[in-house]
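Please read the points in order, with the structure in view.

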Amino acid sequence: MEELIQMIHRMILESLGLENHYDSHTKSLVNSMRFLKYYKDSSDNESSIALSSHQDSTFISIVCQHNVEGLEVQTLDGDEWIHATPIANSFTVLAGEAFMAWTNGRIRAPIHQVKLTEPIEKRYAVVFSTTPSFANDMINAPEELVDAQNPLLFKPFKYYDYVNVKEDYGSLKAYCGALVTISLLLP
Ligand SMILES: O=C(O)CCC(=O)C(=O)O
Ligand SMILES: [Fe+2]
């Protein structure tokens with residue numbers, strides 16, 4: 001799994017022309033694995049939200065749904081939820097806020113949720129994630145990704161400081177979004 005995660009990081013960095021950052025970037029990662037179990041009340045005939053909508057804080061999360069659907073990803077315009085239908089022998093990869101900030105918004109952290117619909121009563125999932133290491137958790141977009149057309153979107157921040165207060169702020173933008181000034185040229 002670690003190999004797969006590293007490969008995904010490499011593919012993202014290569015697609016952004018950041019090969020020279022690969023070694024320092026991968027050295028600053030830690031891997032984690034979570035086992036999740038969801039229940040739906042059997043008296044509840046409607047679909048129910050088992051995990052409310054959120055953006056992951058991580059760099060990436062690899063979700064294995066064990067062939068029981070439920071993961072839904074919101075479209076960018078916020079109008080629709082796309083079902084991430086489980087496919088045998090495959091995983092769903094989600095980018096998180098750490099990657100969104102580090103790539104200066106090139107990689108988006110989608111809003112997602114878990115919804116259980118009839119007849120599902122129980123669901124297991126395994127999530128493998130990468131986050132910054134405790135020793136080096138500063139998230140600072142490489143200068144190659146910041147220019148006049150792509151101003152810095154998030155001020156440099158310490159990842160674990162943010163994770164500790166994430167619930168109070170509600171979004172990374174509210175925590176450290178950089179002010180984008182728009183100058184109007186009046187005639
Ligand atoms: O259970 C899933 O499919 C997704 C879990 C998830 O989004 C999370 O743990 O952050
Ligand atoms: Fe998530």
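1. Strand E1, residues 29-39, lies largely in the open, because one of its 11 residues is buried. Keep in mind that this is a predicted model.

2. E1 has a partner in E8. The two strands pair in the antiparallel sense, over 11 bridges. One place to look is serine 32, whose bridge partner in E8 is serine 129.

3. E8 also takes part in the shell around ligand 1. Both E7 and E8 supply at least two residues of that shell. The residues around the ligand are Leu36, Leu51, Asp56, Val63, Gln65, Gly70, Leu71, His112, Val114, Ala125 and Val127. By type, the shell has seven nonpolar residues, three polar and one charged.

4. Next, the largest nonpolar core. It has 27 residues. Those with the most contacts inside this core are Ile60, Ala95, Ala98, Phe99, Ala101 and Trp102. Several elements give two or more residues to the core: strands E3 (60-64), E6 (92-95), E7 (112-116) and E8 (122-132), along with helices H3 (97-102) and H4 (159-169). H3 gives the most, with five residues. In soluble globular proteins, nonpolar side chains tend to be buried together.

5. What does alanine 98 touch, not counting residues up to four places away in sequence? The list is Ser57, Thr58, Phe59, Thr131, Pro132, Ile139 and Tyr159. Alanine 98 is also among the core residues with the most contacts inside the core.

6. Is cysteine 64 buried or partly exposed? Cysteine 64 counts as partly exposed, because it has 16 C-beta neighbours inside 10 Å, and a buried residue needs 20 or more. Leaving aside neighbours within four places in sequence, cysteine 64 is in contact with Phe91, Ala125 and Val126. Of these, Ala125 also belongs to the residues around ligand 1. The C-alpha atoms of cysteine 64 and alanine 88 are separated by 9.7 Å, and the two residues are 24 apart along the chain.

7. Finally, the chain as a whole. The chain has five helices and 10 strands. Its C-alpha trace spans about 60 × 45 × 30 Å along the principal axes. Of the 187 residues, 25% count as buried. Take the contacts between residues at least 6 apart in sequence: 71% of them join residues at least 24 apart.

Technical notes: Residues are numbered from 1 along each chain as its sequence is written. Chains are lettered from A and ligands numbered from 1 in the order in which they are written. This is a predicted model: local features need pLDDT of at least 70, side-chain atom pairs count only at pLDDT 80 or more; totals for chains, interfaces and linings use all residues. A nonpolar core is a set of buried Ala, Val, Leu, Ile, Met, Phe, Trp, Tyr and Cys residues joined through C-beta atoms within 7 Å. A residue is buried if 20 or more other C-beta atoms lie within 10 Å of its own, exposed if 12 or fewer, and partly exposed in between; C-beta atoms are placed from the backbone. Helices (H or I, at least four residues) and strands (E, at least two) are DSSP runs, numbered from the N terminus. Two residues are in contact if their C-beta atoms, placed from the backbone, lie within 7 Å. A residue is near a molecule or strand if its C-beta atom, placed from the backbone, lies within 6 Å of it. Ala, Val, Leu, Ile, Met, Phe, Trp, Tyr, Cys and Pro count as nonpolar, Asp, Glu, Lys and Arg as charged, and the others, Gly among them, as polar. Two strands pair if DSSP finds at least two bridges between them.
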